Amino acid sequence: MGFHQFGQACLELLTLDDLPTLLIPGVNSKKHQMCFDWGPGEMLVCETSFNKKEKSEMVPSCPFIYIIRKDVDVYSQVLRKLFNESHGIFVGLQRIEEELTGKSRKSQLVRVSKNYRSVIRACMEEMHQVAIAAKDPASGRQFSSQVSILSAMELIWNLCEILFIEVAPAGPLLLHLLDWVRLHVCEVDSLSADVLGSENPSKHESFWNLPGNTQTLTELELKWQHWHEECERYLQDCTFASNPHLESLCKIMLGDEAALLEQKELLSNWYHFLVTRLLYSNPTVKPIDLQYYAQSSLDLFLGGESSPEPLDNILMAAFEFDIHQVIKECSIALSNWWFVAHLTDLLDHCKLLQSHNLYFGSNMREFLLLEYASGLFAHPSLWQLGVDYFDYCPELGRVSLELHIERIPLNTEQKALKVLRICEQRQMTEQVRSICKILAMKAVRNNRLGSALSWSIRAKDAAFATLVSDRFLRDYCERGCFSDLDLIDNLGPAMMLSDRLTFLGKYREFHRVYGEKRFADAASLLLSLMTSQIAPRSFWMTLLTDALPLLEQKQVIFSAEQTYELMQCLEDLTSGKPVHGGSDTQQCQDDDIETTKVEMLRLALARNLARAIVREGSLEGS
Amino acid sequence: MVSVINTVDTSHEDMIHDAQMDYYGTRLATCSSDRSVKIFDVRNGGQILIADLRGHEGPVWQVAWAHPMYGNILASCSYDRKVIIWREENGTWEKSHEHAGHDSSVNSVCWAPHDYGLILACGSSDGAISLLTYTGEGQWEVKKINNAHTIGCNAVSWAPAVIPGSLIDQPSGQKPNYIKKFASGGCDNLIKLWKEEEDGQWKEEQKLEAHSDWVRDVAWAPSIGLPTSTIASCSQDGRVFIWTCDDASGNTWSPKLLHKFNDVVWHVSWSITANILAVSGGDNKVTLWKESVDGQWVCISDVNKGQGSVSASVTEGQQNEQ
């Protein structure tokens, strides 16, 4: 299973007869073309002339660069809640997957579905408030239209819940559909209330009072048949002949389509018509028969005057139990992937995608989740939600996360640490390394050496660690003290990352030990720094100068042998020195200082040697 | 679904030839026939000019951002035969290095994957390709491939870094032995694949022949963890080919024709996650393509230049009016 299989899913979803086209304003010149490049989360477009000529064109060119994005919904303040809360539901669903067994499975899945719907409703409410409070009519309209979209989403989801998840059997199916229509049809028209409130609904209610109802479907159906026949008899006997209104009512209750359609203005839409019709003509309709009633209801209601809208097509596909078509139509009609991604995931958990014989069943789920999650990464904080979605995409989730997470701008230390933690938790070592290197570089350029050093260590970047260590040492030479002592003192095994870093750590240790007056230890450490070759040659003079106070102590610290070694180092150092030209006064002064230092060292070493020999000679004797 | 979120007025006084977002999408670099390279801060829908870089003596054809781990570095190439590397130091952008090793216009610059170090490939109308490697302390080492393409080289594009399988956990301080490769397209109608040998020299590894006219652009697709390698190429002959190689075998590249356009195709470019290819043609269009399961490439959208207001693709409630 590979990347190419996703392509099929997208072929289904995205190939359109009319390609989505984005028009860019600009100088519409026949001589110029359009140049294009990708950013990490956007596209760049500008006018250009690809025919590279040295002389500039006389035709004016457009100096604008257009930055284009998809998934701009991610920036909506109100939708933010939708994204956040549905994320919680999504993750919860993935986690309880293991525990979903047996009879309770269906009810748990229904509960999840209802949770999603309540989140949509809450968002709708908030959006509605924002629309009312909007200061200018244009944005008010925009918010209102968003409310309609959310309402449509909830309508569709609800229907899918009834038909696909709840899988209401014949009988209760109509009840659910009644609720569904009641919930979504805002107008409570008086005549339909009348119709529903007339003589027989009470009988209806007792029939349909399912909790604790011990009647079987057949018994109910029989009762209904009996009542239906009674109505028909009344009509034929012209019982209501004198009252056309009542006659019309009777016809309606018999499910007479013409009679129902006469009251068309009271029925807000074709699915309201459908459900009403079913209520009176076939209340125990079976799910598989639903589509025939649906299609004819749609046709009758539209009456050839108008054509179905996208929403109608989606609902029709649902009545036909064509899940694939529902998803496809929704993907095209809706402006972001939120809806299809979450619904498809839920349906996948209901094991519906496989049973519908889509060979790329669960691939469809992953494809949609990947698209949705990628969109989240465009947002400065919602990207964190995206991480979890990628986690639950077994095929390409990991690699997608790797590609996206590297591109998150690391504006603050906090954000950087968050990103790193996510990468470390998933053993994305390459990304960790790369991010740490970026942060180390940033720190060096801002002269925060301690920070730079810890990032280099975390990145296991020896070269950079060497660079930073050099800077530390240079700083020490200039200022005579170390910065970031805590860090250097507690390097631990990280010290081994690079020779220069080891030297830095050990050199600092030398200073510490000396400060604690453990002179013998300090002395050996100092000597080992020189003899082990990890000290850069440029630093040797400093080290030897550091030895001076140890040589000048009352007691003898360096042994004779150690003194010999020091002398050797000094000679190595001075023999390598070129003779300076002497034209520059400053150079002359430097040379003088150098020479004086060397002289002092030679003297100190000689004296120490003498004392050491004497001391060792006496000790050996006793 | 798609809308314009920002319009940056570059104030370039002449034709723009390239625009590139930096790694994070926070900065935009542009270059123009007016000889300048400009850098803008485009965070949060804004546009602040950060730098107006002068140094080229002719139209500037391309710009390329280096990976942020090396700092803020931008390369540009121009008709003036030079490649300039610009660097931000202490908040200001300055010329950091100039490479003048070509005998004619340098048409294309491309940074290598950051794993290889800081390396820039440059393709020129003199037929040569030069590779600049940063060795530290402001020094750049140059390697030149002469006569890479007869008449001229129009484009260069690096292969993504593939971590060699044998090296799982590198001891600290040791660099893994990456096999560095890049592709180039030229006026000899060929696409060539180049590989760095152990001695550090670059050798022509493969020739990909399918175009009947100058190759204008090549783009090596980013890696999505699959063993296949993919390269897109476009040409004066109006064709765009997708070349794939199954890395198990190693060296067999097979072309598939994406589409034959009616006009020259100048530029191809892969999205960051490698699943969409953008193609800029000789007409006013940019088309987006995606691969389907049967291997066919499907056009999913087009971005058109035209007069009038901006409108997004028609979906409920998503009409943007300008």
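In this predicted model, chain B holds an open sheet built from 4 strands, arranged in the order β6-β7-β8-β9 with antiparallel pairing. Strands β6 (60–65) and β9 (92–99) of chain B are at the edges and have a single partner strand each, so one side of each lacks a neighbour in the sheet. From one strand to the next, the twist averages 25 degrees. Across all chains, a search of the whole structure finds 37 salt bridges.

**Pairing inside the sheet of chain B**

- Strand β7 (residues 73–78) of chain B is joined to strand β8 (residues 83–89) of chain B by 5 bridges, in the antiparallel sense.
- B:Leu74 has B:Trp86, in β8(B), as its bridge partner.

- Side chains of opposite charge can pair when their charged atoms come close.
- A:Arg182 and A:Asp179 form a salt bridge through their side chains, with an N to O distance of 3.6 Å.
- Both A:Arg182 and A:Asp179 belong to helix α5 (residues 172–184) of chain A, where they are 3 residues apart, about one turn of the helix.
- A:Arg182 counts as exposed because its relative accessibility is 52%, and the cut-off for exposed is over 50%.
- A:Asp179, with a relative accessible area of 45%, is partly exposed.

**A salt bridge between separate parts of chain A**

- A:Asp391 and A:Arg426 form a salt bridge in which the closest N and O atoms are 2.5 Å apart.
- A:Asp391 lies in helix α18 (residues 383–391) of chain A, while A:Arg426 lies in the loop between α20 (413–425) and α21 (429–445) of chain A, so this pair ties together parts that are 35 residues apart in sequence.
- A:Asp391 is partly exposed at 35% relative accessibility.
- A:Arg426 has a relative accessible area of 17% and is therefore buried, since buried means under 20%.

- A:Glu599 and A:Arg602 form a salt bridge, and their closest N and O atoms are 3.6 Å apart.
- These two residues, A:Glu599 and A:Arg602, are 3 residues apart in helix α29 (residues 585–621) of chain A, so about one helical turn separates them.
- A:Glu599 is partly exposed, at a relative accessible area of 45%, and A:Arg602 is also partly exposed, at 33%.

**A network of salt bridges in chain A**

- A:Lys114, A:Arg117, A:Arg121, A:Glu154 and A:Glu161 are joined into one network by salt bridges that share partners.

Key
Residues numbered from 1 in each chain as written. Chains lettered and ligands numbered in written order. Predicted model: local features only at pLDDT ≥ 70, side-chain atom pairs only at ≥ 80, totals over all residues. Heavy atoms only, no water. Pairing = 2+ DSSP bridges. Axes fitted to C-alpha atoms, helices over the stretch in contact; angles between N-to-C directions. Salt bridge = Lys/Arg side-chain N within 4 Å of Asp/Glu carboxyl O. Buried < 20%, exposed > 50% of the residue type's maximum accessible area, 1.4 Å probe, protein only.
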